[in-house]
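This report goes through one protein model, from its nonpolar packing to its backbone geometry and ring contacts. Terms are given with their cut-offs where they come up.

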Amino acid sequence: MEMLCTLRSATEAQRNALLQAPERLEAFVDDEEDFGDSKGAAFVELDIGEAWHGLQYLLTGTPWEGAAPLDFLVRGGEDVGDIPSDEGTARSFTPAQVKALSAALQKVSEDTLRRRYDPVEMQAQDIYPGTWDEPEEDVDPLEELISYFEELQKFMATVAKRGDALLVHIG
């Protein structure tokens, strides 16, 4: 089963509603529930697919740890709960956390990410999807991660500027 990561903006009212009614998480992620918040219907979303764990490693130097706020792809925030259909879990971050995260991401240089990229070590650390030492033909995994990182920086800057909360869904 693939484990894909989607990041989605949410209003603070939606974030609070999700924390109060986690059983509605799946409907929210599927864009079938907006908790009556018309502003929330204009959400922004970023799908980083299977790159989430590689980005976590490049941002923090660790598979599952690291310092906040850059460890946000695998931990931190507030647990919203599991999606009943066994399609993963989600965590939410407040608008203040989003602003701190956006600022931290802007300080990360591409050179830092390139220096941390080590396909042999990533394979040894079992970084998902586990194909670092045998990449697909015509795909440069490092360049793909750098591209996703640039999109992530832009996305987080947009969410922070909007004053929104963030939902990180891996499933």
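## Nonpolar cores

In the largest nonpolar core, which has 38 residues, Leu7, Leu59, Phe72 and Leu166 touch the most other members. A nonpolar core here is a set of buried Ala, Val, Leu, Ile, Met, Phe, Trp, Tyr and Cys residues joined through side-chain atoms within 4.5 Å. Two or more residues of this core come from each of β1 (5–10), β2 (45–49), α3 (52–60), α4, α7 (141–162) and β5 (165–170). Helix α7 gives the most, with 9 residues. Helices (H or I, at least four residues) and strands (E, at least two) are DSSP runs, numbered from the N terminus. Buried means under 20% relative accessible area, exposed over 50% and partly exposed in between, with a 1.4 Å probe and protein chains only.

Leu7 is in contact (heavy atoms within 4.5 Å) with Val44, Glu45, Leu46, Ile48, Phe72, Leu73, Leu152, Phe155, Leu166, Leu167 and Val168, leaving aside its neighbours within four places in sequence. In soluble globular proteins, nonpolar side chains tend to be buried together.

## Model and confidence

The model is predicted: local features need pLDDT of at least 70, side-chain atom pairs count only at pLDDT 80 or more, and totals for chains, interfaces and linings use all residues. Residues are numbered from 1 along each chain as its sequence is written, and side-chain values use heavy atoms, with hydrogens and water left out.

pLDDT is the predictor's confidence in each residue, from 0 to 100. The protein averages 93, and 97% of the residues score at least 70. Confidence is lowest in strand β3 (residues 78–82), at a mean of 88, and highest in helix α4 (residues 95–107), at 98. Where pLDDT is low, the predicted coordinates should not be read in detail.

## One side of helix α1

In helix α1 (residues 12–20), the residues Gln14, Arg15, Ala17 and Leu18 are buried. They lie on the same side of α1, because they cover an arc of only 165 degrees around the axis. The arc is that of the directions from the helix axis to the C-beta atoms. An α-helix has 3.6 residues a turn, so residues three or four places apart point the same way. The elements covering the buried residues of α1 include β1, α2, β3, β4 and β5.

## Backbone exceptions

Most residues other than glycine have a negative phi, and most peptide bonds are trans. Ala68 and Pro69 are joined by a cis peptide bond with omega about 5 degrees, and Pro69 is in the loop between α3 and β3. A cis bond also runs from Tyr128 to Pro129, with omega near 10 degrees; Pro129 lies in the loop between α6 (119–124) and α7.

Phe35, in the loop between α2 (25–29) and β2, has a positive phi near 55 degrees. Its relative accessible area is 19%, so Phe35 is buried. Asp126, which is not a glycine either, has a positive phi of about 60 degrees and lies in the loop between α6 and α7. At 59% relative accessibility, Asp126 is exposed.

## Aromatic rings

Rings of Phe, Tyr and Trp (its six-membered ring) pair if their centres lie within 6.5 Å; planes under 30 degrees apart count as stacked, over 60 as edge-to-face and the rest as tilted. There are 5 aromatic pairs by this rule. Trp52 and Trp64 form a tilted pair, 6.1 Å centre to centre with 55 degrees between the planes. Trp52 is in helix α3 and Trp64 in the loop between α3 and β3, 12 residues apart. Trp52 is buried, with a relative accessible area of 2%, whereas Trp64 is partly exposed at 46%. Phe72 and Phe93 form an edge-to-face pair, at 6.4 Å and 80 degrees; Phe72 is in the loop between α3 and β3, and Phe93 is in strand β4 (residues 89–93). Both Phe72 and Phe93 are buried. Trp52, Trp64 and Tyr128 form one aromatic cluster.

A charge sits over a ring if NZ of Lys or CZ of Arg is within 6 Å of the ring centre and within 35 degrees of the ring normal. The charged end of Arg8 sits over the ring of Phe28, 4.1 Å from its centre. Arg8 also lies over the face of Phe43, at 3.6 Å from the ring centre.
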